[in-house]
Amino acid sequence: MTNFLELNNVEKYYGDNHVLRGIDLEVQRHEVACLIGASGCGKSTLLRCVNALETIDKGQIKLDNDVISGEGVDVNSLRQNIGIVFQSFNLFPRMSVLENILLSPVQVLKRPRDEAEESAMTLLKRVGLADKARAYPDSLSGGQQQRVAIVRALASNPQALLLDEITSALDPELVAEVLNIVRDLAEDGMTILMATHEMSFAKDVANQVIYVHQGRVLEKGLPEQIFNSPQEPRTREFLKKIIEAGRL
């Protein structure tokens, strides 16, 4: 089986800080892969490199067998194919929900506005926010804003979705409504690479779980293998702390 998203020996430095240290990673089409690990281990940087928000210093990233890292990459085309959602919603406060969503399809991809608007309204209806299309972000709850951010990422019809700790900024009671959207996308076959601290969700929904430690993929495998019988001492130590904190 050909890998859909593939990272080969990816390295990233910020000055003297060696953030990614030879990352090897494969995600199949329609698969949900969850990155777990302590804050600062490199999960967010990894996602930003896949979306070309950061350049890599060594290695190669491929999507559907096409190289998407290095010189000459069409960044707009790449970001049409790979959507990304951050923990901070990053919505434009002076634009309505609908205008936030239409920005990329209309301004960047040059789609007809009526066609893009119809698609946006369909997506908003799917996440239960069709009635908020004309509202402004500051009138929405955090969970609603994050659902809008997910819709905005989906509006370009991406082949894959990167999710960077998308529930970290939410109050606990709002986490479930966002994760339910991700669960629905997974069931529909969206390819998802997700950095998360929501271990129960990863255990329940992921096809593979990747434990990242100090910029390296230390262990990866099926959720039941990683959570029930991890092979690496560091993985066991990390999960022990997660269990003690009541998060698994």
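Q: Two strands are said to pair if DSSP finds at least two bridges between them. In this predicted model, how do you know that β4 and β5 pair?
A: Strand β5 covers residues 66–67, and two bridges in the antiparallel sense link β5 to β4; since at least two bridges are needed for pairing, this pair meets the criterion. One of these bridges can be named, with D66 of β5 as the partner of L63.

Q: What lies between β4 and β5 in the hairpin?
A: Two residues separate the strands of this hairpin, and D64, which is in the turn, has a positive phi of about 50°.

Q: How do you know that β1 and β4 are joined, and in which sense do they run?
A: Strand β1 (residues 5–14) and strand β4 (residues 58–63) are joined by five bridges and run antiparallel, and the requirement for pairing is at least two. L63 of β4 has L5 standing opposite, and L63 also has D66 as its bridge partner in β5.

Q: What makes β2 and β5 the edges of the sheet?
A: The open sheet consists of four strands in the order β2-β1-β4-β5, with antiparallel pairing. Because β2 (17–27) and β5 each have a single partner strand, one side of each is left without a neighbour in the sheet, and both therefore stand at the edges.

Q: Which residues make the contact of α3 with α4?
A: From α3 come V97, L98, E99, I101, L102, P105 and V106, while α4 supplies R113, A116, E117, A120, M121 and L124. Sorted by class, this contact has 10 nonpolar residues, three charged ones and no polar ones.

Q: Why does I166 count as buried?
A: The relative accessibility of I166 is 2%, and buried means under 20%, so I166 counts as buried. This residue lies in the loop between β7 (160–164) and α6 (172–187).

Q: Which residues is I166 in contact with, leaving aside its neighbours within four places in sequence?
A: The contacts of I166, with those neighbours left aside, are V85, F86, Q87, Q146, I150, V178 and V182. For Q146, which is 20 residues from I166 along the chain, the C-alpha separation is 7.4 Å.

Methods:
Residues numbered from 1 in each chain as written. Predicted model: local features only at pLDDT ≥ 70, side-chain atom pairs only at ≥ 80, totals over all residues. Heavy atoms only, no water. Contact = heavy atoms within 4.5 Å. Nonpolar A, V, L, I, M, F, W, Y, C, P; charged D, E, K, R; others polar. Buried < 20%, exposed > 50% of the residue type's maximum accessible area, 1.4 Å probe, protein only.
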